[in-house]
Number of protein chains: 2
Amino acid sequence: MTSVVKTQALKEMAAACRKASRQVARLSSAKKDALLHGIAEQLESDEVSILAANAEDVSQARTAGLSGAMVDRLVLTPERLKGICAAVQEIADLPDPVGQMVRMWRRPNGIEVGQRRIPLGVIAMIYESRPNVTVDAAVLCLKAGNGIVLRGGSEAFHSNTALAASLHAALEAQGLPVAAVSLVPTTDRAAIGELLTLEEHIDLVIPRGGEGLIRYVAANSRIPVIKHYKGVCHLYVDETADLDVAVRLLLDGKASRPGVCNALETLLVHRGAVAWFLPAAAGALKARGVEIRGCEITRQVVPEALPATEGDYAAEFLDLIISVKVVEDMDAAIAHIDAFGSNHTEVIATEHLGNARRFQDSVDSSVVMVNASSRFSDGGELGLGAEIGISTTRLHAYGPMGLEALTTLKFVVTGEGQVRHPIQPE
Amino acid sequence: MTSVVKTQALKEMAAACRKASRQVARLSSAKKDALLHGIAEQLESDEVSILAANAEDVSQARTAGLSGAMVDRLVLTPERLKGICAAVQEIADLPDPVGQMVRMWRRPNGIEVGQRRIPLGVIAMIYESRPNVTVDAAVLCLKAGNGIVLRGGSEAFHSNTALAASLHAALEAQGLPVAAVSLVPTTDRAAIGELLTLEEHIDLVIPRGGEGLIRYVAANSRIPVIKHYKGVCHLYVDETADLDVAVRLLLDGKASRPGVCNALETLLVHRGAVAWFLPAAAGALKARGVEIRGCEITRQVVPEALPATEGDYAAEFLDLIISVKVVEDMDAAIAHIDAFGSNHTEVIATEHLGNARRFQDSVDSSVVMVNASSRFSDGGELGLGAEIGISTTRLHAYGPMGLEALTTLKFVVTGEGQVRHPIQPE
């Protein structure tokens, strides 16, 4: 299992997944929901074997000296498995995006043209550690009528194999081909490179994990990749902001969960807000244990702030650290975001309607918020029901990706014999 | 000009285009329309220099021994240039896709979430011969608020340079940066390879031309590519078809313009339609000079038909040749399309509602038609206003691509201080 998988074997796996995906694509909503409920039940009844496989991964990770945080991300408990099953049931209950006719019109010649939502095809997911992604990603892809090729992290190999066995049992119970969910049966990193050449069988690659993995996938894939490298999210406090709102957004964005991609990394403050906002902000941050790295003006107002380097403004700290910069006006804030942002999520705090509109118009990021926390930049929180990832690639999907991002639109045309250049048949 | 352009120069060109694209993205609809009308006027007033540059290309092409058909595609005449200008005016008159709020909803916590259409960014167009593509592509990209990098065929280098000069003059007249339309200033093929690595500055590559060029771009690009290799379009005549409709669709699809990608290449006939349809179809095709390559049953009914090989069913003839196959039933027709189709356009002729629905549901291609000619598979004919290309890539756009395919959606969120984990500020 751990030896090099030959290109041929991977190719056959992907081809089988393509074939199986055609069957999944044609399932009714009811059948897909029955499959998802079946998956949740199967995972519950396979609890013992899943937790045993996970224990093996965890013990190997400890032996290999992985950090406590990394081991924690790997661990499955009965409660975490219940959480995974609950998420599957929730996805089953979401509306089916497939078959939706997003619009329809009639041409002057009488033909009726519509665009109908159909599954994307086969999606490859390349990810690290957390075993819940295995189930989440598979279930989202199935719900949207797709096949999925999974390539999880080597640390979670036994867990993923056990989870995939449950998924396969549930597929079989519904008379569906197990190849619809294909797990790459090796931890060999070379398999990723091979996978990325199979453009004939795979329509989309979604990498999730560290920036290194994502850059490797983006640089080596022949298949379209949807990704985000990092989230350098900004809060811009305008001179027209409400003090309470601005402080609230700052604390929620920076301190509620600093290790996630929609946490704030940089605070931009309008020169006119410095006097009444910065001292309150600094006090609140200090009380939460947040380190401040600021520009010169910031350091005049907040003496304990460390000096910010250019690198600090580009950094995704993922920690209780924030960079702060005082800007001349909103245009300077927007220019800073253009230069240092990552197209993820930016927030303005303002009570001025015109400024709110201009910020939302001018900032290029995938999610642009007015008076709302950057931490809402998440598929579930925005109301997409679930999330398979976040895209800062502008093509196909931009921002949090829900079920719809796993579909595409085909044209359906109906007429009664219309032709473009009428010619008389013999 | 014809020497190797250094990577650095191309990179700077793309970076300048990215910067200029931000300005184009923020233009009002009225400003963009004024720019487009200005382009049409500029092209008209530059007629002499454009035709002179084109004459140089044409004379070089003749000296190089290019075929008459290829030279014809290259030639610009006063009439053709007028046609190009008219197309620009038509694109100016299309509705602006940018800024459209495609949907909006409110979450239980009161935040309002919307998805707004924004420009894609920078699009690179890599294409062969026809100089009209230079203007068409540039104008469509500008109308959708994008920057464009153009890399045309070497045979049209002088024409493209002259056309780009007009585009630049029109941009300057509106006070806009000429880098918004950047022409790669070399015919060196290596420049294509360099261009395809500039993922930081270019969001999308659209190749148009022969299959060789397209495969080269797809295999070497780090930037997402939207493409179609070929159009192997099918007409399936069901046993429930109307004879007149079926013959009309066949003749329009095959004989009205055989050299285009939405022409028919294969006719599939239900066993139950053979007796009453095939003789009439063969007669009509013969009268139009179409060569028939058929399966055994076809050849029993149409003695002059040549035997069809497996290769004939995969071929895009682009000529007055059609492959014909008799199938057991609709499922066999769908299986044939799955195996030999190119995901471009397929047509069913049927009077049976259930069969029409099942064909449209089951066929995976980007355009699936009932009782309408495959020749309508075109952005203009389907009502998209104009077309920048056709995609058989399922990601982002599938089928004919109009202005909307040159945009993406960003999330805009508005609240009044909502946070995800309320914590009291100090």
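At what angle do helix H10 (residues 243-255) and helix H11 (residues 274-287) of chain B pack, and how many Å apart are their axes? In this predicted model, the two helices pack at an angle of about 35°, and their axes are 10 Å apart. The crossing of H10(B) and H11(B) is right-handed.

Let's look at the residues involved. From H10(B) come B:Leu243, B:Ala246, B:Val247, B:Leu250, B:Leu251 and B:Lys254, and they meet B:Trp276, B:Phe277, B:Ala280, B:Ala281, B:Ala284 and B:Leu285 of H11(B). Sorted by class, this contact has eleven nonpolar residues, one charged residue and no polar ones.

**Where the chains meet**

Now to the contact between the two chains. Chain A gives 62 residues to it, and chain B gives 62 residues as well. On the side of chain A that touches chain B, the elements giving two or more residues include helices H9 (211-220), H10 (243-255), H11 (274-287) and H15 (353-362). Strand S13 (367-372), helix H16 (379-382) and strand S16 (407-418) of chain A also belong to that group. S16(A) gives the most, with eleven residues. By class, this side of chain A holds 30 nonpolar, 17 polar and 15 charged residues.

**A four-strand sheet in chain A**

Chain A has an open sheet of four strands in the order S5-S4-S3-S6, with parallel pairing. Strands S5 (181-183) and S6 (204-208) of chain A stand at the edges and have a single partner strand each, so one side of each is left without a neighbour in the sheet. On average, and with direction ignored, neighbouring strands here are turned by 20° against each other.

Inside the sheet, strand S3 (residues 122-127) and strand S4 (residues 147-151) of chain A are paired in parallel over five bridges.

| Helix | Strands it lies across | Angle to a strand |
|---|---|---|
| H6(A), residues 132-143 | S3, S4, S5 and S6 of chain A | about 165° to S4(A) |
| H7(A), residues 157-173 | S4 and S5 of chain A | about 155° to S5(A) |

Key. Residues are numbered from 1 along each chain as its sequence is written. Chains are lettered from A and ligands numbered from 1 in the order in which they are written. This is a predicted model: local features need pLDDT of at least 70, side-chain atom pairs count only at pLDDT 80 or more; totals for chains, interfaces and linings use all residues. Axes are lines fitted to C-alpha atoms, for helices over the stretch in contact, and angles run from 0 to 180 degrees between N-to-C directions. A crossing is left-handed if the near helix is turned anticlockwise from the far one by less than a right angle, and right-handed if clockwise. Two residues are in contact if their C-beta atoms, placed from the backbone, lie within 7 Å. Ala, Val, Leu, Ile, Met, Phe, Trp, Tyr, Cys and Pro count as nonpolar, Asp, Glu, Lys and Arg as charged, and the others, Gly among them, as polar. Two strands pair if DSSP finds at least two bridges between them.
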